[in-house]
Amino acid sequence: MMMTFAGAIGIFLAGALTLAIFSFLYKDNPVYKFAEHLFIGTSAGYWFVYNVYNVFWPNVIVAWGEAEGFWAYFNIVMPVLLGVFMLMRLIPSIAWISRWAMAFSVGMSVGFSIIMELQTNILQQIGATLSPFASLHFNNGGTAAAVNAIIILLAVLSALVYFFFSKEHTGAYGHVAKVGIWVLMITFGASFGYTVMARISLLIGRVQFLQEEWWVAIKHLIGLGS
Amino acid sequence: MFWKRQFPILITAFVAFVMIAAFFIPKPNIAVARDNLQQWFLIVVTFTMVLGLLNLLLVSYQKARRGRKEDRFYQWVTIAGLLGTIIAGFLGGGIDGPAFDFIFEHIYKPLSATIFSLLAFYVASASFRAFRAKSVMATILLITAFIVMLGRVPLGEWVSGWLVGTKFEFLYLPTITDWIMEVMNMAGQRAVLMGAALGLIATGIKIILGIERSYLGGE
């Protein structure tokens with residue numbers, strides 16, 4: 001693998017920072033703290049710059065140059081004004097003005113999420129749970145799919161029963177709620193296992209990087225590699 | 001007092017109403033209003049990031065000047081990282097420029113991936129404490145997590161591989177893992193999603209009606 005000097009320096013830095021973070025596994029130490037604070041600074045800076053180039057520049061600066069008519073300018077000036085109001089939070093005497101921008105953001109989030117939640121997490125989920133019953137059959141190899149569809153329906157209902165706290169979980173209702181808890185425990189266990197595997201694969205990725213790239217970069221820097 | 005308390009609630013209610021109405025009323029005018037508001041929101045979010053950035057700078061600077069002596073240096077590291085990235089982004093040829101790309105590839109990306117990979121160790125150690133099979137519920141959780149983890153690695157295929165081709169093939173670990181993920185896990189996730197969505201909608205309605213106003217500082 002051909003490597004430039006600048007590329008080798010970059011990979012060496014990336015490997016050193018990787019090891020700095022892993023050093024926390026031993027105990028909290030100055031090297032880890034350095035890498036941690038560097039991450040805070042660079043990630044805040046990175047997302048800010050990314051947002052300015054991808055949102056602010058095209059929607060404000062470029063849009064201003066192309067704007068024609070009152071409403072086009074209005075649609076640029078108003079959000080910028082709201083944004084400036086947001087910054088008023090830093091001036092205690094007029095910090096209350098930032099509430100208008102905050103209220104706008106909250107209103108947008110609420111209005112958007114009510115519709116989104118209703119569509120994707122309620123109606124579509126109900127549809128996905130019930131639609132297999134339209135073509136349910138127990139012949140020609142359809143038994144497994146049919147049994148799974150019935151299990152999914154019963155599991156969803158029992159878990160929803162568990163979430164309904166307006167009625168006391170006693171008697172037959174309590175038994176169904178208990179099945180709901182089992183379903184949720186299986187879900188949490190599966191999610192946990194899945195998350196651990198995702199983290200492990202990230203860990204493997206970092207170790208592979210150290211072995212396959214970092215080591216090559218070090219050899220390049222000390223004159224042993226190509 | 002109106003401008004401080006009632007006016008923000010009116011803004012929230014109006015904006016949320018337009019967003020909801022645009023979904024139910026198929027008129028071009030209201031769809032345009034919704035699209036414009038979404039555009040406004042993106043711009044306001046950028047300013048919110050500026051606010052967060054200034055706050056980070058301010059807090060880090062204060063700690064660097066008057067904080068604990070042994071932590072002061074690290075606050076300067078945060079400030080240097082932040083300003084360095086911003087300068088590289090704006091003066092080093094933009095987000096596709098070599099300086100910004102260098103910071104992303106060789107500082108941000110490895111740090112981000114390593115911090116998340118570090119969680120593998122902590123999740124594993126936390127599971128030792130949390131997963132003691134003290135009750136039926138904890139045992140179900142423990143067994144499920146164990147099967148899913150084992151079924152996703154070659155070891156799972158190896159220990160249960162001899163079952164393939166026999167009448168107990170359904171006990172092959174990757175098959176059980178797939179069934180857990182596609183049936184039981186999906187059912188549980190659906191119930192959680194529906195429950196959370198109902199809770200979110202209820203809270204949203206409370207915000208629109210001005211009953212919930214903690215976002216205004218509790219007043």
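Helices are DSSP runs (H or I, at least four residues), numbered from the N terminus. This is a predicted model, in which local features need pLDDT of at least 70, side-chain atom pairs count only at pLDDT 80 or more, and totals for chains, interfaces and linings use all residues. Residues are numbered from 1 along each chain as its sequence is written, and chains are lettered from A and ligands numbered from 1 in the order in which they are written.

H4(B) has 33 residues and spans 46 Å from its first C-alpha to its last, close to the expected 48 Å; the expected span is 1.5 Å times one less than the number of residues.

The buried residues of this helix include Phe100(B), Ile103(B), His106(B), Pro110(B) and Ala120(B). Buried here requires 20 or more other C-beta atoms within 10 Å of the residue's own, with C-beta atoms placed from the backbone. Their cover includes helices H1 (5–22), H2 (30–66) and H6 (171–221) of chain A, together with H3 of chain B.

Between the chains, 97 residues of chain B are in contact with 98 residues of chain A, contact meaning C-beta atoms, placed from the backbone, within 7 Å. On the side of chain B that touches chain A, H4(B) supplies the largest share, 22 residues. By class, that side has 73 nonpolar, 20 polar and four charged residues; Ala, Val, Leu, Ile, Met, Phe, Trp, Tyr, Cys and Pro count as nonpolar, Asp, Glu, Lys and Arg as charged, and the others, Gly among them, as polar.

Terms used. Two residues are in contact if their C-beta atoms, placed from the backbone, lie within 7 Å. Helices (H or I, at least four residues) and strands (E, at least two) are DSSP runs, numbered from the N terminus. A residue is buried if 20 or more other C-beta atoms lie within 10 Å of its own, exposed if 12 or fewer, and partly exposed in between; C-beta atoms are placed from the backbone.
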